[in-house]
Amino acid sequence: MKILHTSDWHLGQHFITKSRANEHSCFMAWLLEQVEHHQVDAVIVAGDIFDTGTPPSYARELYNSFVVAMSKVNCQLIILAGNHDSVATLNESKQLLSQLNTQVISSVSLDLEQQVLALKNRQGGLGALLCAVPFVRPRDVMQSEAWQSGSEKQQRLGAAITEHYANLYKLAEQKREQHNEQHGSDNGEGNSTVPIIATGHLTALGVSVTESVRDIYIGTLEAFPANQFPAADYIALGHIHRAQKVAKSEHIRYSGSPIPLSFDEVKQQKSVNLVNFVDGKFDSVTELTIPRFQPMQAIKGNLESIEAQLAEFKNHTDSLPVWLSIEVQEQDYLTDLQTRIEVMTTDLPVEVLQVRRARKDREQHLHSQVKETLSELSVNDVFARCLQGVEFTTDAEIARKSRIELAFKQIVEQVEHATLEDK
C-alpha cells in the first residue's frame, strides 16, 4: 500500500499582486505524474485546499480539474478541510466528487462512521483504514461553559480533541478486526493486517513555522501534544508549511506546502511524502522533491551590496522573471528608496514584489512620524504601534508574536465583556 501525503495548497492565493495559478497548475500536473510513476493507491490532502473560504473561480476550476484527472488514474483521493477552507464551499460539490473516487471531509461529524474511511489498493482490496480528521473547531467537539479560565478551556479542548482521536482509532480497530474475521488474517495481498492512518490540520508541539502560516489557534489551544495522537501507523498532518517530522517521529509528519507561500519559504525544499506500507505495517517515507515552478529570491544588504546582487540576475536564463523581496539596510533613512531600486532593476529579468527597510530603518521612520495622542487611537491601534517597533524574523519570534497577539485579543475581549456586564 502506498499513499501520497500533501497539504496546504492554498489554491487562489493572491501573493503581493501575483496569481499562483500557473504554479498550482504545474504542481498538479507533476503530482499526477508521481501518482502514476510510483503507482500510488491513495492521495491525502491534509487541509487548506483553498486560500480563502470564497476562492476565485479559477481556483475552483483547478480543484475540479484535478479531481477529474485523479479519477482516471485509479487512485483514491481524500480531501480534508483546513482552517482556510469553507465547510460550505467544500460541501457544495462533495456528493458529486464522491462519484469520482474522491471523498471530502469538511468538518468533524457526530457520526464517527463518516470519518473512518476505507482506503482501497489498486487491486480493489482494503489497503488501509483512515481516521480522517479535518481542522477541528471547538464547537465540533465540546460545549462552551461560562466562568472557565483560559487554562481550563485549553485543558478541556485538548482533552476533547484527544478523545475524538481515541474514539476514531477505536472504531478503526474494530473495523480492522471485522475485516480480519470476514477475510481471515490475510487480506488477499499477503498482508497479515491493515494499517491505520490518521490525519490532522493543527499545530503540533515542537514544530517550526513560517510567515505565511496564519494563526490557527483552536479556541485557546495553541498546540496539540504529539503524545496525544493515537497509535496510528502514520499520521498525515497539515497547516505547517515546512516539511518536517513531529517529536522526531518518522511516522508523524507535516508534508508542507507545495510552493513557497511567503518569501521566507524560498530557501525551503518543497516536497510531498510518499508513504509505503509493507505487510500491513509502516515501512518508510520518501520525500519527493517538487520542482520550483516560479523563480523567487529574497536579498538583503545596503544599497551597494544589493546592486551587486542584482547584477547577478543578468545571467538569469529562465523564461520566467525572478520575483524578488529586497530588504535594505542603510543607516540613513531614504525617502527615495523605491525609486533607487527601480533604477537598479531596469532591464533586469526580475519583478520586485516587496521592498522593505531593515528594523533600525523602520524604527527611525516611526520616530519621524507625527506623534499621535492616545485619544486618537483605539486600544488595538496602540498595541499595533507597539509591535511595529519590534521585528519578528525567526520562526520562534514569529510564533511568539502570534502568542502575544492572541493573549492581547483575549484580554481585550474579557475586559469588554466585563464592562458590558457592569453596565
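Because the model is predicted, local features need pLDDT of at least 70 and side-chain atom pairs count only at pLDDT 80 or more, while totals for chains, interfaces and linings use all residues. Residues are numbered from 1 along each chain as its sequence is written, and side-chain values use heavy atoms, with hydrogens and water left out.

**Overall make-up**

- The chain has 11 helices and 17 strands, taken as DSSP runs (helices H or I, at least four residues; strands E, at least two) and numbered from the N terminus.
- Of the 423 residues, 48% are buried, that is, under 20% relative accessible area with a 1.4 Å probe and protein chains only; exposed means over 50%, and partly exposed lies in between.
- Contacts are heavy atoms within 4.5 Å; among those between residues at least 6 apart in sequence, 72% join residues at least 24 apart.
- The chain exposes about 20800 Å², and carbon and sulfur atoms supply 48% of this area (Shrake-Rupley method, 1.4 Å probe).

**The six-stranded sheet**

- An open sheet of 6 strands runs in the order β6-β5-β4-β1-β13-β14 with mixed pairing; two strands pair if DSSP finds at least two bridges between them.
- Its edge strands, β6 (102-105) and β14 (281-289), each pair on one side only.
- From one strand to the next, the twist averages 20°.
- Strand β5 (residues 76-80) pairs with β6 in the parallel sense over 4 bridges, and Ile 78 stands opposite Gln 103 in β6.

**Pairing around β12**

- Strand β12 (residues 249-254) runs parallel to β10 (residues 234-238), joined by 3 bridges.
- Strand β12 also runs antiparallel to β11 (residues 244-246), again through 3 bridges.
- Arg 253 in β12 stands opposite Ala 236 and is the bridge partner of Lys 245.
- The hairpin of β11 and β12 has 2 residues between the strands, and Ala 247 in this hairpin takes a positive phi near 55°.

**Helices on the sheet**

- Helix α1 (residues 21-37) lies across β1 (2-6), β4 (42-46), β13 (271-278) and β14, at about 165° to β1.
- Helix α2 (residues 57-71) lies across β4, β5 and β6, at about 150° to β5.
- Axes here are lines fitted to C-alpha atoms, for helices over the stretch in contact, and angles run from 0 to 180 degrees between N-to-C directions.
- The axes of α1 and α2 come within 11 Å and cross at roughly 10°, which means that α1 is roughly parallel to α2 (angles under 35 degrees count as roughly parallel, over 145 as roughly antiparallel, 65 to 115 as roughly perpendicular and the rest as oblique).
- The contact of α1 with α2 involves 11 nonpolar residues, 2 polar and no charged; Ala, Val, Leu, Ile, Met, Phe, Trp, Tyr, Cys and Pro count as nonpolar, Asp, Glu, Lys and Arg as charged, and the others, Gly among them, as polar.
- Residues in this contact include Met 28, Leu 31 and Leu 32 of α1, and Leu 62, Phe 66 and Met 70 of α2.

**Positive phi in loops**

- Most residues other than glycine have a negative phi.
- Asp 48, not a glycine, has a positive phi of about 55°; Asp 48 sits in the loop between β4 and α2 and is buried, with a relative accessible area of 0%.
- Asn 74 has a positive phi near 60°; Asn 74 lies in the loop between α2 and β5 and is partly exposed, with a relative accessible area of 45%.
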